[in-house]
Amino acid sequence: MPLFEIETEAHIIITWADSEDEARDVVSDAYPHDEVLRLTKRPRDTWVISKGVLGLTTTKVDPCLVARDCLSRSAGDKVNAIRLYRMETGSDLENARKAIESNMVIGW
């Protein structure tokens with residue numbers, strides 16, 4: 001069963017569902033007044049939140065590891081990987097592009 005990430009105005013919901021319609025039903029059942037802003041089928045069957053990216057550790061997150069993970073999650077789609085990288089790190093467009101492209105060159 002696929003794992004979905006669903007963003008509403010007030011929540012980010014992670015749930016398993018057989019289809020996008022069933023994932024939307026989860027939101028409407030739990031939060032009937034929330035509108036779905038983004039619904040993403042996750043490429044993996046698990047969800048990981050990096051404590052370093054959230055700033056909960058003193059260890060710095062390796063930008064190359066983040067870029068490689070974004071490339072993997074986007075199945076090599078550069079534009080999508082850049083978008084994911086920006087969401088993960090808060091980087092601006094130019095820095096995200098450089099991080100993703102440099103990792104594509106070295107064979108992520």
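User: Where is Ser 74 found?

Analyst: Ser 74 is in the loop between helix H2 (63-73) and helix H3 (78-89). Helices here are DSSP runs of H or I with at least four residues, strands are runs of E with at least two, and both are numbered from the N terminus. The model is a predicted one, in which local features need pLDDT of at least 70 and side-chain atom pairs count only at pLDDT 80 or more, while totals for chains, interfaces and linings use all residues. Residues are numbered from 1 along each chain as its sequence is written, and side-chain values use heavy atoms, with hydrogens and water left out.

User: Why does Ser 74 count as buried?

Analyst: Its relative accessibility is 5%. Buried means under 20% relative accessible area, exposed means over 50%, and partly exposed lies in between (1.4 Å probe, protein chains only). A value of 5% therefore makes Ser 74 buried.

User: Which residues does Ser 74 touch, not counting those up to four places away in sequence?

Analyst: Ser 74 touches Asn 80, Ala 81 and Leu 84, where contact means heavy atoms within 4.5 Å. Next in the chain, just after H2, Ala 75 takes a positive phi of about 55°.

User: What makes Glu 22 partly exposed?

Analyst: Glu 22, in helix H1 (residues 20-30), has a relative accessible area of 36%. Glu 22 and Phe 4 are 18 residues apart in sequence, and their C-alpha atoms are 10.0 Å apart in space.

User: Why is strand E1 largely enclosed by the rest of the structure?

Analyst: E1 covers residues 3-8, and five of its six residues are buried, so the rest of the structure largely encloses the strand.

User: How do you know that E1 and strand E2 pair?

Analyst: Two strands pair if DSSP finds at least two bridges between them. E1 and E2 (residues 12-16) have five bridges, in the antiparallel sense, so they meet that rule. A hairpin through three residues joins E1 to E2. Five bridges also join E1 to strand E3 (residues 36-41), and these two run antiparallel. Ile 6 stands opposite Ile 13 in E2, and its bridge partner in E3 is Leu 39.

User: Which residues of H2 are buried, and why do they line one face of the helix?

Analyst: The buried residues of H2 are Val 66, Ala 67, Cys 70, Leu 71 and Arg 73. Seen down the axis of H2, they fall within an arc of 165°, so they line one face. The arc is taken over the directions from the helix axis to the C-beta atoms. Their cover includes H3 and helix H4 (93-105).

User: What makes H3 oblique to H4?

Analyst: H3 and H4 pack at an angle of about 125°, with their axes 9 Å apart. Under 35 degrees counts as roughly parallel, over 145 as roughly antiparallel, 65 to 115 as roughly perpendicular, and the rest as oblique. The angle of about 125° falls in the rest, so H3 is oblique to H4.

User: Is Ile 82 buried or exposed?

Analyst: Ile 82, in helix H3, has 10% relative accessibility and therefore counts as buried. Leaving aside neighbours within four places in sequence, Ile 82 is in contact with Leu 93, Ala 96, Arg 97 and Ile 100. Ile 82 and Leu 71 are eleven residues apart in sequence and 8.2 Å apart in space, C-alpha to C-alpha.

Key. Axes are lines fitted to C-alpha atoms, for helices over the stretch in contact, and angles run from 0 to 180 degrees between N-to-C directions.
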